[in-house]
Amino acid sequence: MSVRAASPSRSDLVADTALALLAERGMRGLTHRAVDEAAGLPQGSTSNLARTRQALLELAVRRLADREARVLALHEMPDPRGGTGSLADALALAAHRALTRNRELTLARYELALEATRRPELRAYFDATGARFREQLTALVTGMGSTDPARHTLSLVAWADGLMFSCVAGSFGAEVPSLEEVRAGLRELLDGMLGA
């Protein structure tokens with residue numbers, strides 16, 4: 001007897017399709033009808049699940065947070081006692097995953113982040129979903145002896161976001177740094193901040 005993989009829920013299917021459309025077509029390409037068509041659902045299915053555009057965007061942001069948590073593998077983050085090398089290894093792996101096999105998900109995140117700048121209600125929702133990673137990163141740098149954990153967390157996130165944006169949507173879009181290159185950059189940053 002073979003074991004079948006569980007089918008995604010209707011909600012996950014709609015949200016995953018919305019994220020794929022955001023990466024492929026941008027914010028203008030995300031409509032309830034487009035999601036129905038791309039997901040192979042009967043017309044009106046997405047509207048039944050998420051009545052408004054705001055509800056559809058919130059559904060996409062929630063699913064993005066769930067999927068990015070798996071990409072970032074928060075459960076794999078090291079013990080602070082492992083030092084900057086172990087943190088650089090873990091963060092480099094997460095960033096490299098976002099740049100390679102999860103590139104479309106990263107692009108969808110930037111589409112949603114930009115839309116959140118125009119929609120305060122989405123901004124609050126978007127920021128709340130990202131707090132989990134920032135809090136864990138702050139705890140890690142605190143455990144490694146950071147003298148200014150909030151500033152160091154901001155620097156790390158800004159560095160990683162800058163790298164990902166440049167390589168996914170910016171002027172380095174045709175270039176993907178190797179895992180070793182990402183690790184070296186993070187190691188330099190961490191050593192400078194934490195004095196390792």
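Histidine 32 counts as buried, because its relative accessibility is 16% and buried means under 20% relative accessible area, with exposed over 50% and partly exposed in between (1.4 Å probe, protein chains only). The model is predicted: local features need pLDDT of at least 70, side-chain atom pairs count only at pLDDT 80 or more, and totals for chains, interfaces and linings use all residues. Residues are numbered from 1 along each chain as its sequence is written, and side-chain values use heavy atoms, with hydrogens and water left out.

**Overall architecture**

- The protein has 9 helices and 0 strands. Helices (H or I, at least four residues) and strands (E, at least two) are DSSP runs, numbered from the N terminus.
- From the N terminus on, the order of elements is α-α-α-α-α-α-α-α-α.
- Along the principal axes, the C-alpha atoms fill a box of roughly 60 × 50 × 30 Å.
- The protein has 196 residues, and 44% of them count as buried.
- Take the contacts between residues at least 6 apart in sequence: 68% of them join residues at least 24 apart. Contact means heavy atoms within 4.5 Å.

**Nonpolar cores**

- A nonpolar core is a set of buried Ala, Val, Leu, Ile, Met, Phe, Trp, Tyr and Cys residues joined through side-chain atoms within 4.5 Å.
- The largest nonpolar core holds 27 residues. Leu19, Leu22, Leu30, Val35, Leu56, Leu112 and Phe126 have the most contacts inside it.
- Helix H1 (10-25), helix H2 (32-39), helix H4 (53-72), H6 and H7 each supply at least two residues of this core. H4 gives the largest share, 7 residues.
- A second, separate core has 24 residues, including Ala88, Leu99, Val141 and Leu156.
- In soluble globular proteins, nonpolar side chains tend to be buried together.
- Valine 35 is in contact with Val14, Thr17, Ala18, Leu21, Leu30, Thr46 and Leu56, leaving aside its neighbours within four places in sequence.

**Helix H6 and its packing partners**

- Axes are lines fitted to C-alpha atoms, for helices over the stretch in contact, and angles run from 0 to 180 degrees between N-to-C directions.
- Helix H6 (residues 103-116) packs on helix H7 (residues 120-143) at about 135 degrees, with the axes 8 Å apart. H6 and H7 are therefore oblique to each other. Angles under 35 degrees count as roughly parallel, over 145 as roughly antiparallel, 65 to 115 as roughly perpendicular and the rest as oblique.
- On the H6 side, Arg109, Leu112, Ala113, Glu115 and Ala116 make the contact with H7. On the H7 side, the residues are Pro120, Leu122, Arg123 and Phe126.
- By class, the H6 contact with H7 has 6 nonpolar, no polar and 3 charged residues. Ala, Val, Leu, Ile, Met, Phe, Trp, Tyr, Cys and Pro count as nonpolar, Asp, Glu, Lys and Arg as charged, and the others, Gly among them, as polar.
- The axes of H6 and helix H8 (residues 149-168) come within 10 Å and cross at roughly 105 degrees. H6 and H8 are therefore roughly perpendicular.
- That contact uses Arg103, Thr106, Leu107, Arg109 and Tyr110 of H6 with Asp161, Met164, Phe165, Cys167 and Val168 of H8. The residues divide into 6 nonpolar, 1 polar and 3 charged.

**Helix H5**

- Helix H5 (residues 83-99) has 17 residues, which should span 24 Å at 1.5 Å a residue; its end C-alpha atoms are 25 Å apart, which agrees. The expected span is 1.5 Å times one less than the number of residues.
- In H5, 13 of the 17 residues are buried, so this helix is largely enclosed by the rest of the structure.

**Buried polar and charged residues**

- Histidine 32 lies in helix H2. Beyond its neighbours within four places in sequence, histidine 32 is in contact with Thr46, Ser47, Ala50, Arg51, Thr52, Arg53 and Leu56.
- Arginine 63 lies in helix H4 and is buried, with a relative accessible area of 14%. Not counting residues up to four places away in sequence, arginine 63 touches Asp12, Ala15, Asp16, Leu19 and Arg70.
- Arginine 63 and leucine 13 are 50 residues apart in sequence and 9.8 Å apart in space, C-alpha to C-alpha.
- Arginine 119 is in the loop between H6 and H7. At 19% relative accessibility, arginine 119 counts as buried.
- Arginine 119 touches Arg53, Gln54 and Leu57, not counting residues up to four places away in sequence.
- Asparagine 102 sits in the loop between H5 and H6 and counts as buried at 16% relative accessibility.
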